[in-house]
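Hello,

Here is the structure I said I would pass on. My notes on the helix packing and the sheet follow below it.

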Amino acid sequence: MADPQATPQRALRDAMGSFATGVTIVTTRSAAGEDIGRTANSFSSVSLDPPMILWSLARSSSSHAAFAEARHFAVHVLAADQDELSGRFAGKSADRFAGLEAERGAEGIPLLRHCAARFECRTVYRYDGGDHVIFVGEVTGFQRSDAAPLLFHGGRYGRLVRQRATPAAPERPETLGAGNLAWLLSRSFHELRAASAEARAKLDLTDPHYAVLTLLGHRDGLPLAHVLPLASQRGAEVGRCDCAALAERGLVRMDPQPDAPDPALHLTEAGRDTLIRVVAAIRAAEADLLGRLAEEDARVLLDLLGALARSDSRGWPPALPA
């Protein structure tokens with residue numbers, strides 16, 4: 001429903017924003033030899049024979065005069081990870097090209113790299129479009145990559161998510177199936193846990209031992225009284241004897257605290273090396289699992305799971321920075 005407080009122009013703009021588009025940067029070179037570039041989502045294919053595209057630019061834009069006079073321009077369809085670049089060319093930066101390694105096209109127009117697609121064009125028509133000018137260009141050269149495109153919808157950037165068949169709902173209320181988050185997460189985690197279990201078995205680590213090492217990997221130096229309940233929340237009952245066993249093996253160091261009855265636990269170099277070996281096995285299994293997805297789908301999956309995860313839930317330690 002439209003906002004009753006919005007002006008007619010704002011309401012129309014919001015309605016137009018319901019149409020998801022790609023994001024482009026259009027570049028050219030002014031008569032004075034200055035590199036010019038603007039972010040635009042008003043890009044569209046016009047014809048394949050001859051190959052022609054169009055885009056539009058506000059008459060009030062500071063770049064209008066340069067594009068109106070230019071005989072060539074280039075349209076860059078941005079990749080999903082180029083939202084920062086889009087923001088740079090949409091803003092009022094004095095030099096939008098600072099630090100960028102641009103190639104050169106016809107008449108020296110700048111060509112940006114690592115885009116989802118790029119079209120070099122010769123300006124053939126300019127049309128009056130109200131408060132905008134519509135530029136039509138003949139495509140003289142183009143490039144395409146496998147990068148997923150950056151999307152824009154409702155005033156926000158987004159990423160492409162490929163539509164898949166919806167799993168059938170469980171037939172009985174007492175069962176969970178492929179349409180349930182719990183089932184899907186458990187099924188995926190099963191494969192990761194198998195890799196972890198195999199690595200831990202080779203290193204003679206029990207579930208409680210691994211829980212303690214993992215906790216200290218996040219929060220080294222915790223008092224024993226804190227380690228026991230926090231490590232137990234990871235699914236294995238952890239006792240003082242488990243911490244003592246790790247200390248005997250030289251994986252953990254237990255330092256007395258002057259003002260507390262319990263020692264503080266620290267990972268030793270051997271303990272950290274052991275933990276790294278298990279984590280490496282898990283990461284290899286994770287890479288194999290995510291490798292079954294398209295790169296962009298995997299990135300979206302991690303983003304969505306990150307939005308669901310709560311690092312402070314039940315004392316669960318936050319993830320370490322990459």
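In this predicted model, helices α4 (residues 181-202) and α8 (residues 269-290) pack with their axes 8 Å apart, at an angle of about 150 degrees. Angles over 145 degrees count as roughly antiparallel, and α4 and α8 are therefore roughly antiparallel to each other. Their crossing is right-handed. On the α4 side the contact is made by Ser 188, Glu 191, Leu 192, Ala 195, Ser 196, Ala 199 and Arg 200. Helix α8 contributes Val 278, Ala 281, Ile 282, Ala 285, Glu 286 and Leu 289. Sorted by class, the residues in this contact are eight nonpolar, two polar and three charged.

The other item is a sheet. Seven strands form an open sheet with antiparallel pairing, in the order β3-β2-β6-β9-β10-β5-β4. The edges are β3 (35-40) and β4 (44-48); each has a single partner strand, so one side of each is left without a neighbour in the sheet. On average, and ignoring direction, neighbouring strands are turned by 30 degrees against each other.

Helix α3 (residues 83-90) lies across both β2 and β3, and runs at about 115 degrees to β3.

Regards

Technical notes: Residues are numbered from 1 along each chain as its sequence is written. This is a predicted model: local features need pLDDT of at least 70, side-chain atom pairs count only at pLDDT 80 or more; totals for chains, interfaces and linings use all residues. Side-chain values use heavy atoms; hydrogens and water are left out. Axes are lines fitted to C-alpha atoms, for helices over the stretch in contact, and angles run from 0 to 180 degrees between N-to-C directions. Helices (H or I, at least four residues) and strands (E, at least two) are DSSP runs, numbered from the N terminus. Angles under 35 degrees count as roughly parallel, over 145 as roughly antiparallel, 65 to 115 as roughly perpendicular and the rest as oblique. A crossing is left-handed if the near helix is turned anticlockwise from the far one by less than a right angle, and right-handed if clockwise. Contact means heavy atoms within 4.5 Å. Ala, Val, Leu, Ile, Met, Phe, Trp, Tyr, Cys and Pro count as nonpolar, Asp, Glu, Lys and Arg as charged, and the others, Gly among them, as polar. Two strands pair if DSSP finds at least two bridges between them.
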